[in-house]
Amino acid sequence: MRPPSSVREFEAAARARLDPAHYDYFAGGAGEEVTLRANEAAFGRLALLPRVLGGAAKPELGVTLLGDRAAAPVLVAPTAFHRLAHPEGEKATARAAAAAETIMIVSMASTVAVGDVAAAAPGARLWFQLYVQPDPAFTELLVRRAEEAGCGALVVTADSPVRGRRDRDERHGFHDLPTGLCCENMRDETGRVRPIEFSPAISWEHVDRLRDMTSLPIVLKGVLHPADARRALGHGVSALIVSNHGGRQLDTVPAAVEALPGVVEAVAGTVPVLLDGGVRRGTDVLKAMALGASAVGVGRPVVWGLAADGERGVRRVLDLLRAEVEDALTLCGARSVHDLGADLVLRPC
Ligand SMILES: Cc1cc2nc3c(=O)[nH]c(=O)nc-3n(C[C@H](O)[C@H](O)[C@H](O)COP(=O)(O)O)c2cc1C
Ligand SMILES: CCCCC(=O)C(=O)O
């Protein structure tokens with residue numbers, strides 16, 4: 001059979017393969033899914049205003065983020081439970097990310113322990129995503145595991161003081177991983193798997209504690225308000241990810257790309273600003289970068305690739321997006337992803 005030739009087709013292929021409860025877990029959002037829809041729709045409303053006669057034979061797509069090089073400005077956003085999508089789970093995703101020469105942010109809720117992900121994918125550039133746990137000693141254990149696995153950054157998710165309310169999961173009664181799968185990073189010293197806890201009282205002090213705990217760069221994920229972006233700069237944060245968690249946390253917040261310009265303006269070039277949410281095409285990547293993002297993350301597209309065809313599927317999703325970015329860049333008359341300015345994008349009035 002012909003391999004899918006777009007992220008959309010990968011989603012259809014994944015849907016056909018997955019248990020409906022698992023598809024809905026991956027696909028769904030919080031509440032009325034207003035934000036989930038908005039993430040993609042907002043990219044559609046932005047028009048590109050290309051330049052002509054300015055291209056390069058081989059446009060520059062590579063970016064360096066916190067010392068890690070990515071061949072294209074498309075990272076693997078952290079998503080949980082990859083073994084629900086494919087038996088090889090995060091190992092397959094990491095191998096594909098390594099082959100595509102991009103950075104994978106491993107979810108704390110991975111179904112393969114971060115050390116085993118690293119061991120399975122030599123050469124992979126991994127960052128580790130953390131939900132601060134109410135037990136500080138356990139949080140520290142997770143940080144040490146990420147360090148030992150060779151992760152290059154700690155991505156602290158700030159948009160989830162509680163888990164978002166997702167009707168699709170309620171409808172299916174999907175609350176736990178099936179027998180045989182678990183969040184492997186959550187084993188304590190005795191090997192017992194702890195449940196992931198959310199921390200309603202998570203605060204800037206937790207970021208300070210993490211800053212004291214590790215020399216890894218800290219990336220704050222889930223920032224939408226410019227005032228929070230400014231505040232983060234005073235807490236030793238090395239990068240920000242503008243994200244609404246793919247519409248899975250607080251519903252009716254703005255689309256990620258709509259919140260991006262305010263955050264970019266607030267940090268004024270002091271730290272890189274990344275974006276995730278709704279990126280499905282190379283043109284979306286260009287729009288985000290024109291509005292000031294240093295790179296983007298993709299969540300569901302990677303899961304669709306994994307569910308459709310394991311490592312090969314993820315590799316193809318990442319390669320497709322890379323090829324689309326290259327194509328769009330050339331059609332926009334730009335030589336490099338570093339040359340894009342806000343004048344490339346016409347915003348609706
Ligand atoms: C199935 C799924 C699981 C996710 N798990 C996590 C997670 O464990 N940690 C986290 O910080 N974000 C998680 N996210 C949010 C993603 O990192 C990212 O913000 C979002 O998927 C981006 O939107 P996109 O799916 O439209 O690309 C998850 C998203 C999805 C769809
Ligand atoms: C306990 C795992 C949470 C994963 C997550 O962040 C999500 O489903 O959005």
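How many nonpolar, polar and charged residues does the shell around ligand 1 hold? The shell divides into 8 nonpolar, 11 polar and 4 charged residues. In this count Ala, Val, Leu, Ile, Met, Phe, Trp, Tyr, Cys and Pro are nonpolar, Asp, Glu, Lys and Arg are charged, and the others, Gly among them, are polar. We will come back to the ligands after a look at the whole chain.

This is a predicted model, in which local features need pLDDT of at least 70 and side-chain atom pairs count only at pLDDT 80 or more, while totals for chains, interfaces and linings use all residues. Residues are numbered from 1 along each chain as its sequence is written, and chains are lettered from A and ligands numbered from 1 in the order in which they are written.

**The whole chain**

The protein chain has 13 helices and 12 strands. Helices (H or I, at least four residues) and strands (E, at least two) are DSSP runs, numbered from the N terminus. The radius of gyration of the protein chain is 19 Å, close to the 20 Å that the globule rule gives for 349 residues, so the chain is as compact as a globular protein of that length. Here the radius is taken over C-alpha atoms, and the rule is 2.2 Å times the number of residues to the power 0.38. Along its principal axes, the C-alpha trace spans about 65 × 50 × 40 Å.

Of the 349 residues, 51% are buried. A residue is buried if 20 or more other C-beta atoms lie within 10 Å of its own, exposed if 12 or fewer, and partly exposed in between, with C-beta atoms placed from the backbone.

An unreviewed UniProt entry annotates residues 1-349 as "domain: FMN hydroxy acid dehydrogenase". UniProt positions are given in the numbering used here, feature names are shortened, and annotations may be inferred rather than shown by experiment. Over residues 1-349 the chain is 41% helix and 13% strand, with its end C-alpha atoms 44 Å apart.

**Strands side by side**

Let us follow some strands that pair, meaning that DSSP finds at least two bridges between them.

| Parallel pair | Bridges |
|---|---|
| β5 (residues 103-106) and β6 (residues 125-130) | 4 bridges |
| β6 and β7 (residues 154-157) | 3 bridges |
| β8 (residues 218-223) and β9 | 4 bridges |
| β9 and β10 (residues 273-276) | 3 bridges |

Strand β5 is covered on both faces: Ile103 and Ile105 are buried on one side, and Met104 and Val106 are buried on the other. The chain then crosses from β5 through helix α6 (residues 114-120) to β6 in a right-handed β-α-β crossover. Right-handed means that, with the strands pointing away from the viewer, the path from the first strand over the helix to the second runs clockwise.

In strand β6, 6 of the 6 residues are buried, so the strand is largely enclosed by the rest of the structure. Arg125, Trp127 and Gln129 point one way, and Leu126, Phe128 and Leu130 the other. Phe128 is the bridge partner of Val106, and in β7 the partner of Phe128 is Leu154. Another right-handed crossover leads from β6 through helix α7 (residues 136-148) to β7.

Further along, β9 has Ala239 and Ile241 pointing one way and Leu240 and Val242 the other, all of them buried. Val242 stands opposite Val223 and also opposite Leu275 in β10.

**Around the ligands**

Which residues are closest to ligand 1? They are Ser107, Thr157, Gly246, Gly299 and Arg300, among the 23 residues that surround this ligand. A residue is near a molecule or strand if its C-beta atom, placed from the backbone, lies within 6 Å of it.

Around ligand 2 we find Ala80, Ala109, Ile196, His245 and Arg248. By class, the shell of ligand 2 has 3 nonpolar, 1 polar and 1 charged residues.

His245 carries the annotation "active site" in the unreviewed UniProt entry. This residue lies in the loop between β9 and α11 (256-267). Is His245 buried or exposed? His245 counts as buried because there are 24 C-beta neighbours inside 10 Å.

Arg312, in helix α13 (residues 300-331), is partly exposed, with 16 other C-beta atoms within 10 Å. The C-alpha atoms of Arg312 and Ala92 are separated by 8.2 Å, although these residues are 220 residues apart along the chain.
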